[in-house]
Amino acid sequence: MSEENNDLINNTPEDNNETITRVTGMYKDWFLDYASYVILERAVPAIEDGFKPVQRRIMHSMKDLDDGRYNKVANIVGHTMQYHPHGDASIADAMVQIGQKDLLIDTQGNWGNILTGDSAAASRYIEARLSKFALDVVYNPKITEWQASYDGRRKEPVNLPVMFPLLLAQGGEGIAVGLSTKILPHNFIELIEASVKHLQGKRFKLVPDFPTAGIADFTNYNDGQRGGKVRVRAKISQLDKNTLVITEIPFGTNTSSLIDSILKANDKGKIKIKKIEDNTAADVEILVHLPSGISPDKTIDALYAFTNCETSISPLGCVIEDNKPLFVGVSEMLRRSTDNTVQLLKSELEIKLGEYEEQWHFASLERIFIENRIYRDIEEEETWEGVIRAIDKGLQPHIKHLKRAVTEEDIVRLTEIRIKRISKFDIDKAQQKIEALEEQIAEVKHHLAHLIDYAIAYFQRLKKEYGEGRERKTEIRTFEDVDATKVVIRNTKLYVNREEGFIGTSLRRDEYVCDCSDIDDIIVFTREGKMMVTKVDSKTFIGKDIIHVAVFKKKDKRTIYNMIYRDGSKGPTYVKRFAVTSVTRDREYDLTNGNKSSKVWYFSANPNGEAEVITVYLRQVGSIKKLKWDLDFAEILIKGRASKGNLVTKYSVKKIELKEKGLSTLKPRKIWFDDTVQRLNVDGRGELVGEFRGEDRLLIITQSGIVKTILPELTTHFDDDMIVLEKWIPKKPISVIYFNGERELYYVKRFLIENEGKEESFITDHPKSQLEIVSTDWKPMAEIEFTKERGKDRKDNEEINLEEFIAVKGISAIGNQLTKDKINQINLLEPLPYEAPEEVPAEAIEVVDETDVSSEPADETASETQKPSTDTKASSEGEDPNFDDSGQASLF
């Protein structure tokens, strides 16, 4: 630092006439002033009425201009600028946002579209007026607190007397200095019902409802406070086998941004689509066309995983109370809003009571004044004071029943009564008016005495008058996480250089392994008995002499690895079976006993736990008598990957060969259906569907009369009108009673599914045809309840044995007519007893805990085994086919 600068800093009043003014305090004060202004006057809504200042001023201006007709938005914006000290653009944008919420403003013209993201027309082209709801719940000048506008020329409300939880109905979002707020919109009817429950002292729960509809998981909503999260999904259904249709979109997105995200995911290879069409008008309709061979169910999950078809919203409840920010949940917001509404209703009633009592007081004085002809007492008075005294004196004998004293203002009002009114005064009508006022006073006093009941009736009136068409749009559902690795399109190829020990996507001159995606993990085994899981990359070194490479699937419990290895350079040979479900990425695991120079003699990867039979050959050493025998892997327990294994032989092995492929040794897989998330699972959640082997299928029947069988994949999506979901038994008939719309009669049919995997309709395609009942029991029974005909007794109910009523026919058959009589309803009864043929259980081996490392010697004589089937093996001669799964040591 220069000497001149040092002198400048060290100057003091004693040394120099100049002084140093420190600006630290200025910056601190100015920043706080600015931050406070933005928080209080721009970005954050008030808890009292739910409005930001600009919104409150817009609503006040619209009331100023309100004459029942539409006003140009440009005019309203200009009028609002008398109260709002900012530009017209911010006012117009805020007004469009209020109008798009379709609650307070009745709009006319192009106000934009929240579904497509189209903006509104210029403010000079669109019009607005206050809605009936706004006029009903937002305004009451008599109970409004007023303040001067920014320039002091006009009066504006401090807060509008909103008698409804408006902030929660509309939602609100704002970014201030140092804080922000994000209050999600809630359902109109549910807010009213919650307010009523609060007034009744009952518990309530609020979750958002979005104008864009969609499906939402509010499990972690956290009452709208900081730290909460809402997951929102688009509603996607399958139009046909090659087309998906999106009919509802997540809140915070629009069709343009959604389509862009889908196209980006397609460009990156995450999903595969043929083309996309946007047919959105009043309702959302986005058609996603898929190439042939692409699974629609997996594509739906991929859309949720890689595009804006699923978004996450983090709410943050922050409002202004007493000129301070307050962080509060939506339940507390509703309680405060409801309590505030009760106080406003009380203030309204008190003002109304005062007005009625004043009207009653003057009506009574007027009757006394005219009926007793007190006006004649002033004829001889010459001064104004004398007139007042004369009237006051004349009233005194008749005012004992009045509720307050007579004032000079009352007497002045009596003197202003015209002669014409006095001459036409009707005592009976006057008395009726007084009695009507007394009834109104009594009614208001009753409401004040029963204020909570009055408030409940007020909310119920709002629901009745304005609740129509405001039912919940967003479907509430619990989501199951989408495993991105299971639904991502495998958009690249994996190669391996076994000898050098490299794997990767850039080794195009080496051996092709399989297709994979750039988010996959790869599991690799080497001849030394080492295992590693690593991320897909262009080129990764694993270790020389690779014997198996595949895409790794976490928590895969069905893929079983069969391995025979030599312990050390001259040690005994062991056999083991194990699964791999979870590992640490890029960590090397030793699958042998850990001794140097260990070697894998035989290795196979089996996606369904297949157990093959192999032949072991020993070297001719010494006096060994048995140089060859068979070993059946089905006799070996599945243990953890760290287990030592069972002893095969202590002698030197010459080679090992595959003798027979094996069948799966795993138990059939139990599958459950979780109705909450509408998904299949293997975790025991929901209702057990059944135990499934490789080719077993699910039977699905819908209310629209569609039947199909599918393989039980966990990624399957189900239609909303599904009524039957069970394990399909091919020989078990399906019994149906349906209404034939063309013939206007009920028919019965029984059929078997002949084309598995094909979607077929089993009722006629007439628009009035509908499914009445369906049964998958062997011997179903139904009860017919007949309609009572005029002048006749009702026919007794009739029970029908459907098995005897009609034989099993083809699915396209019309069936037999049930009856010619008119039917009131048809009920399904308990089926007749029937012993279904038992399924032959598959032999299954037990799985022991991974910590079990016993090494009992195997029987040296091979047993006969099941018919084999295994996908891959790696023998001592170095064979190594492809494989694409892995798992761990606990099975279904």
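The following dialogue examines how several terms apply to this predicted model.

Visitor: Why is the crossing of helix H3 and helix H5 called roughly perpendicular?

Guide: The axes of helix H3 (residues 53-65) and helix H5 (residues 88-100) cross at roughly 80 degrees and come within 10 Å. Angles of 65 to 115 degrees count as roughly perpendicular, so H3 is roughly perpendicular to H5.

Visitor: Which residues make the contact between H3 and H5?

Guide: From H3, the contact involves Val54, Gln55, Ile58 and Met62; from H5, Ile91, Ala94, Met95 and Ile98 take part.

Visitor: What makes the pair arginine 461 and aspartate 136 a salt bridge?

Guide: Their side chains meet at 2.9 Å, N to O. A salt bridge requires a side-chain nitrogen of Lys or Arg within 4 Å of a carboxyl oxygen of Asp or Glu, and therefore the pair qualifies. The structure holds 43 salt bridges.

Visitor: What makes this a link between distant parts of the chain?

Guide: Arginine 461 belongs to helix H16 (residues 451-466) and aspartate 136 to helix H6 (residues 132-137), and the two are 325 residues apart.

Visitor: How do you know whether arginine 461 and aspartate 136 are buried, exposed or partly exposed?

Guide: Buried means under 20% relative accessible area and exposed means over 50%, with partly exposed in between. Arginine 461 has 29%, so it is partly exposed. Aspartate 136, at 21%, is also partly exposed.

Visitor: Why are glutamate 332 and arginine 335 said to be separated by about one helical turn?

Guide: They lie three residues apart in helix H11 (residues 330-371), which means a separation of about one helical turn. Glutamate 332 forms a salt bridge with arginine 335, with the closest N and O atoms 3.3 Å apart. Glutamate 332 counts as partly exposed because its relative accessibility is 28%, and arginine 335 counts as partly exposed at 31%.

Visitor: How do you know that arginine 477 and aspartate 720 form a salt bridge?

Guide: The N to O distance between their side chains is 3.9 Å. The cut-off is 4 Å, so the pair is a salt bridge.

Visitor: Where in the chain do arginine 477 and aspartate 720 lie?

Guide: Arginine 477 is in the loop between strand E17 (475-476) and helix H17 (484-487), whereas aspartate 720 is in the loop between strand E38 (706-710) and strand E39 (722-727). The two residues are 243 residues apart, and the pair links distant parts of the chain.

Visitor: Is arginine 477 called buried or exposed, and why?

Guide: Its relative accessible area is 18%. Buried means under 20%, so arginine 477 is buried. Aspartate 720, its partner in the salt bridge, has 55% relative accessibility and therefore counts as exposed.

Visitor: Which residues are linked in a network of salt bridges?

Guide: The network links Arg231, Arg233, Glu310 and Asp481.

Visitor: What makes the phi of aspartate 322 worth a remark?

Guide: Aspartate 322 has a positive phi, about 55 degrees, although it is not a glycine. Aspartate 322 sits in the loop between strand E15 (318-321) and strand E16 (324-327). With a relative accessible area of 61%, against a cut-off of over 50%, aspartate 322 is exposed.

Visitor: What is the phi of arginine 373, and where is arginine 373 placed?

Guide: Arginine 373, likewise not a glycine, has a positive phi of about 50 degrees. Arginine 373 is in the loop between H11 and helix H12 (384-395). At 43% relative accessibility, arginine 373 counts as partly exposed.

Visitor: What is in contact with asparagine 372, neighbours within four places in sequence left aside?

Guide: Asparagine 372 is found in the loop between H11 and H12, and is in contact with Arg367 and His398 once those neighbours are left aside. Its relative accessible area is 37%, so asparagine 372 is partly exposed.

Visitor: What makes Phe31, Leu32 and Tyr34 a patch on the surface?

Guide: Together, Phe31, Leu32 and Tyr34 have about 330 Å² of accessible area and form a nonpolar patch. Members of a patch need over 30% relative accessible area; phenylalanine 31 has 48% relative accessibility and counts as partly exposed. Phenylalanine 31 lies in helix H2 (residues 24-43).

Technical notes: Residues numbered from 1 in each chain as written. Predicted model: local features only at pLDDT ≥ 70, side-chain atom pairs only at ≥ 80, totals over all residues. Heavy atoms only, no water. Patch = residues over 30% accessible without salt bridge, like charges linked within 9 Å, V, L, I, M, F, W, Y side chains within 5 Å. Areas by Shrake-Rupley, 256 points an atom, 1.4 Å probe, with all protein chains shown as cover. Helix = DSSP H or I, 4+ residues; strand = E, 2+ residues; numbered from the N terminus. Buried < 20%, exposed > 50% of the residue type's maximum accessible area, 1.4 Å probe, protein only. Axes fitted to C-alpha atoms, helices over the stretch in contact; angles between N-to-C directions. Parallel < 35°, antiparallel > 145°, perpendicular 65-115°, else oblique. Contact = heavy atoms within 4.5 Å.
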